[in-house]
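Reader: I am new to reading structures, and I would like a close look at a single part. Please take one chain and go through the surfaces where it meets its surroundings.

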Amino acid sequence: MSKDEAVQVSDLLRPRHVGMPIKRTEDPRLLTGNGEYTSDRRPDRALHVAFRRSEHPHAKILRIDTEAAKAALGVVAVFTGADIADDYKPVIPFSRMPSYYATPIMALATGKVRYVGEAVVAIIADNRYLAEDALELIEIEYELLDAVNDPELAVAKDAPLVHELAQTNVLVAREFKKGDVKADLASAHIRVRDRFEMSRIAPLAIEPRSYSAEFENRRDSITLYTSSNIPGIVRDALSESLDLPGNRLRVVAPDVGGSFGSKGSLYPEEILLCVAARKLRRSLRWTADRLEDISSSSQAFAEIIEAEMGFDKDGIAIALEADVIGDVGAYSIYPWTCGLEPVQVVSFLPGPYKIQSYRGAVRAVATNKPPTGPYRGVGRPVSTFVAERLMDMGAKALGIDPLEIRRRNLVRPEEFPYRIASGIIWDKTGFVECLEAAAEAAGYESLLKQQRAARAEGRYFGIGLATYAELTGIGSRIAVAPGMPINTGSETAKIRVDSTGAVTAAFGVASHGQGLETTLAQIIADDLGAKFEDIRVIQGDSDAVPMSTGTYASRSAVLGGGAAKHASYILREKIKKVASHLLEASAEDIDVSGGFASVAGTDRKVTFKQIAKAVYSDMRTLPVEAREELEGSFTYDPINGTTAGATHLVAVEVDPVTCFVKILKYIVAEDCGRIINPMIVDGQVHGGVAQGIGAALYEEMVYNEEGQLVSASLVDYVIPSAVEIPDIEVLHIESESAVAGGFRGMGEGGTIGAPAAIANAISDALSPLGIDVSTLPMTPQRLFNLLENARTNVKGSQP
Amino acid sequence: MKPAAFDYVAPRDLKSAIDALVGAGGDGKVMAGGQSLTPLLNFRMARPSLIVDLLRIPGLSFIELRENTVVIGALTRHADLEFSDVIAAHLPVMAAAMPHVAHLAIRNRGTIGGSLSHADPAAELPMLAVFYGATIKVEGPAGRREIPAEEFFVSALSNCLEPEEIVFEIEFPVLTSHTGWAFEEVARRFGDFALGCIAVSLELTDNTVSDARVAVMGVDDTPRRLREAEEILRGAEGGARTALRFAQIVRASVSPADDIHVSSDYRRNLIGALAERAFNTAFARAVGAKP
Ligand SMILES: Cc1cc2nc3c(=O)[nH]c(=O)nc-3n(C[C@H](O)[C@H](O)[C@H](O)COP(=O)(O)OP(=O)(O)OC[C@H]3O[C@@H](n4cnc5c(N)ncnc54)[C@H](O)[C@@H]3O)c2cc1C
């Protein structure tokens, strides 16, 4: 049970750390090369794993000959799917969604290969070089099958099947409905529609996926170090799969070099390493090279959306309809399922708007490509792109300014909590406040003036707005992924003062760049009254708490932070009690702050160290019954979670020669509730926007007609570098949420707003040519084609 | 992504390096800065049995003005060219081009000999060699020979060297009478290989072009000098009409291929626009530079 009101009082009394731009505790170690990533692990006499991966998108495995590889120098073992079939249970990404087919996750391809890059054989050798030499000696005989590439063709009756047992390539189909959309659209004053598309992209963390399965002979146990942001989920899934209890299977995410979603699912290689470590009773290591990471880590988007929006004559959006096809790749992922991304597109499509009637239908379609999975913003980068484009198209058709049309459609402050047409409930958030703040900071009127001047010179200057809302810090009442049976609604904090007086706070959340070691310590410093520098935060370790899932879905500040507040509160009460004995005062008069307990209004005080000594070591000071272990433990569940929202405003200029888009101004006004550390919030927004700029202008996984990946290196998969990212101005609307601490989640927002805002800005810039952006990324080639078309059309219309 | 096994030697003189290559029977490969070769090794797209590391050979890293040529040692790093006063003063187009070569970290390692030998069709130094009419000096088992840059590049990623030949220095003639120049390049991101790139330099007599040099890259299999385009500039005056006509010829002279980033039409369109801009800049510079 949460007692959120009780824990908010302390903030008001003493907000000394929360709200401060404290430098990140983890940075000195990370920036000086003293971090410990998974590939820095040096387990005793570890062996190295290399994978032979499929070069075919779709083929039946007829025969695998590993004899020569087994005999090669340095090779200890070679495993095929068949060799290890009895050593683990396939992991099933289960869901209660009706009409869902769960594809089992195998450690190695079995029977068929279903995408280029799928692991087929594992070689275990003395080092990676010898392992890769031996890979070349494996002979695999395949029977090639027709590849399923195009998700729109994949739904046809006679399409080849990626999974025969599913009897269809449609792994999930769902529909959300409210009101009579057909009638409302028919009665609309104007309607706008388009076919939108966002390409398949890669999350691309700088640290590729990396695993170290460390076998301990003495206890017949495994510790898996994994570059994961869901170590708790990985532990629970592997425990099932390997039939190994949690006290013999520990999963630790040490320093993790980014995820962006790519490390947020269970991977076949994690299963394989544990299975093989157990079989060989040896420690095993594997780190993906960039090619493996790009071709076998979960990918994102790959959605086609036919959507239509109807407006009344005042610009009020009254009806919205969308049909979404998600190209989800070859397998459903654990635990989120293949429904995660595409289903969220339809559940979030109405966004922060009061659209009354809605129909959103989605099909998640299997293809011969790597699975899609979580990607910063999940579903909402796409839903926001579509809804915000439609909003601008409506504004244009009605001759209403894009800023004004949003004012008319956003949920207003007095209307919260508000249930949007897809059923999601927004709690009170500064939607309108963000919109107005962004417009004001940008000098919206002067931007319009600048645009008129630019147009007079024949330059393509555009302004783009995007407003969105997201659910963050989701509690147990809502499944993070549709129909998912595991609980993602709670997190535990265990804070203790040990016999030396040191404060250690253990969590199951797993920071992979978010700076949780800093922000959680800030919360504890205030609510426990400890000295910030003295608090050690342990996270990402399945041994630290009984159950945890990890860091994803903008949840750790809300859930981890809420748990930290409650646990701090419990521990502070214990400290007060001891202090009242030592200081001979009533517990109510004890103030705890900065690592001391003192009697309010006096100079009488004791340190945490003295308190610890009295409790644990000194047999005389305290009566036995007062020597209570100094630990506060709390599992926090925000039940529903909170909303977060933002407006992005961007000004661009399109160069008609290079077809490059130059970002001239970028403003984000966001509401993430009470800010724990503004420097970290800004950093998260900057990074998110950079990622969104990648999705809007640069990044694209290209699979050719044969199903081969042709953008498998960083020469061909183009991500923006620091030089391509503009200055980003971030404004904060700090409206407190109703959960503990008043926090809202904010790790993903930047990526949600940027693609939509940029698409709108490009469309605005090119509106004199009648160009509308409906596909992202808007690469130079796509812009070139649009401009060429526009030029021919203009020529064609002038005889 | 680990290379296949290879032997490694780091000889102290050119002769031993050549001997080592001969000993490898055509299966050896020299390594200079390693910026292009290492990825090829890691992808196992190159599988030499022997790597001959050139970096221990003294005397191959220098930039010297000798009369009307700038002579550059094969092991000279890109960064040395970028920051050289000699280059800035005598090969201004090269000075303008060097910041476009990859990123600083790569420029600190990559060498001119390596870049030329690697023969990437969108690399700056091969194009500059063609532009300036450089002479590439190589040594092999049969002794030394001199190769004009335009003959050196055979096709994408292939040069005319025998497997045992090593580039040891390159001579760049200084275009002393050319007073106006321009270098225009567009890459997808800062430091990427070019989508289109052109260099122009002009000699003016009485405000008309009396001599011109034009080279392009990224729009063909190899970097190319565009003699036809040079020809139409001779005798021309400055101005929009010349620039447009020049752009047209440039556009018509190249045959770019489609790739994953852009189409041949895009590249052709781009190079035309860059040509126009480059001519105007070069002409203005020449007019401004008149004694
Ligand atoms: C991310 C990235 C971006 C890049 N971007 C650009 C760019 O924009 N523009 C650009 O021009 N380049 C770019 N490069 C390539 C870079 O300039 C390389 O340094 C250069 O191409 C090779 O020089 P090197 O000394 O490293 O040669 P190496 O990699 O050592 O060798 C390259 C080839 O040349 C041969 N070779 C080397 N030296 C000699 C010699 N003296 N005689 C005969 N053969 C020799 C080798 O055997 C090998 O085949 C980029 C490289 C990277 C990694």
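Author: Start with a term. Buried area is the accessible area, taken with a 1.4 Å probe, that two parts lose on being put together, summed over both. Keep in mind that this is a predicted model.

Now take chain B. Its domain assignment gives domain 1 (7-53), domain 2 (63-173) and domain 3 (180-286). Look at the meeting of domain 1 of chain B and domain 2 of chain B. Their C-alpha centres lie 19 Å apart. Twelve residues from domain 1 of chain B and 15 residues from domain 2 of chain B make the contact. Between them, these two domains bury about 1100 Å², and carbon and sulfur atoms hold 75% of it.

Which residues of domain 1 of chain B lose the most area here? They are L14(B), I18(B) and Q35(B). Together they account for 42% of what the domain 1 side buries.

Helix α1 (residues 14-23) of chain B supplies the largest share of the domain 1 side, five residues. By class, that side has eight nonpolar residues, four polar and no charged.

Now turn to the other chain. Here 23 residues of chain B are in contact with 30 residues of chain A. The two chains bury about 2300 Å² between them, with 59% of it on carbon and sulfur atoms. On the chain B side, M1(B), R188(B) and R189(B) lose the most area to chain A. Together they make up 31% of what that side buries.

How many salt bridges does the rule find across the interface of chain B and chain A? It finds three. In a salt bridge, the side chains of R44(B) and D133(A) meet at 2.7 Å, N to O. The rule also finds twelve residue pairs in polar contact across the interface of chain B and chain A, both residues at pLDDT 80 or more.

Which elements of chain B give two or more residues to the side that touches chain A? They are β11 (180-187) and α12 (264-289) of chain B. α12(B) gives the most, with six residues. By class, the side of chain B that touches chain A has 13 nonpolar, three polar and seven charged residues.

Terms used. Residues numbered from 1 in each chain as written. Chains lettered and ligands numbered in written order. Predicted model: local features only at pLDDT ≥ 70, side-chain atom pairs only at ≥ 80, totals over all residues. Heavy atoms only, no water. Domains from an automatic or database assignment. Contact = heavy atoms within 4.5 Å. Helix = DSSP H or I, 4+ residues; strand = E, 2+ residues; numbered from the N terminus. Nonpolar A, V, L, I, M, F, W, Y, C, P; charged D, E, K, R; others polar. Salt bridge = Lys/Arg side-chain N within 4 Å of Asp/Glu carboxyl O. Polar contact = N/O pair within 3.5 Å; in protein donor to acceptor, adjacent residues only side chain to side chain.
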